[in-house]
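Thanks for coming. I will go through one model today, starting with its pocket and then turning to the sheet and a helix pair.

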Amino acid sequence: MTDQTPVQPAAKVLGGLTPYLQLDGAFKAAEFYKKAFGAEQVFAYPADEKGRTMHIHLHINGSTLMLSDFYPENGMPAVKPQGYTMQLHLGSDDIEAWWKRAVEAGCEVAVPLQVMFWGDQWGNMRDPFGVEWAMNAPVKKA
């Protein structure tokens, strides 16, 4: 195993609930999330001999998202993401730009951005790692 010394000091956890995604290719996902969602990487452990990392800490839209690769030899086998959605709550002036950036980065639209029955603008997409993302914002007042 390679040296598991962090590449920077521990970062502040933002928010009261932190999603932690296990993905095949956490470093690639972090780079993608920088392009798609404006993520800032604030902490990471270096890659092991297989190119995996046990921990990456990102800040996105004032919140924390943590990532790691699968480690089947340590009881963390590769499983397909299912049954959850990462939802970004945005301002009415921001949502179109966030949506466009994510789609241009490579997210696949599942439900186009539109005004929903609850009165907010909302849409859903899937990233190249199989993670579902949604964006929600109040409708801009005329």
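When I name elements, helices (H or I, at least four residues) and strands (E, at least two) are DSSP runs, numbered from the N terminus. This is a predicted model, where local features need pLDDT of at least 70, side-chain atom pairs count only at pLDDT 80 or more, and totals for chains, interfaces and linings use all residues. Residues are numbered from 1 along each chain as its sequence is written, and side-chain values use heavy atoms, without hydrogens and water.

Which element gives the largest share of the lining of the largest pocket? That is E5, with four residues. Strand E4 (63–69) and E5 are the elements that give two or more residues to this lining.

Now the sheet. Four strands make an open, mixed sheet, ordered E5-E8-E7-E6; two strands pair if DSSP finds at least two bridges between them. Strand E5 (86–89) and strand E6 (108–115) are at the edges with a single partner strand each, so one side of each has no neighbour in the sheet. Inside that order, E7 (residues 120–126) and E8 (residues 132–138) pair in the antiparallel sense over seven bridges. Asp120 stands opposite Pro138 in E8.

Last, the helices. Phe32, Lys35, Ala36 and Phe37 in H1 meet Trp98, Arg101, Ala102 and Ala105 in H2, contact meaning heavy atoms within 4.5 Å. By class, that contact has six nonpolar, no polar and two charged residues, where Ala, Val, Leu, Ile, Met, Phe, Trp, Tyr, Cys and Pro count as nonpolar, Asp, Glu, Lys and Arg as charged, and the others, Gly among them, as polar.
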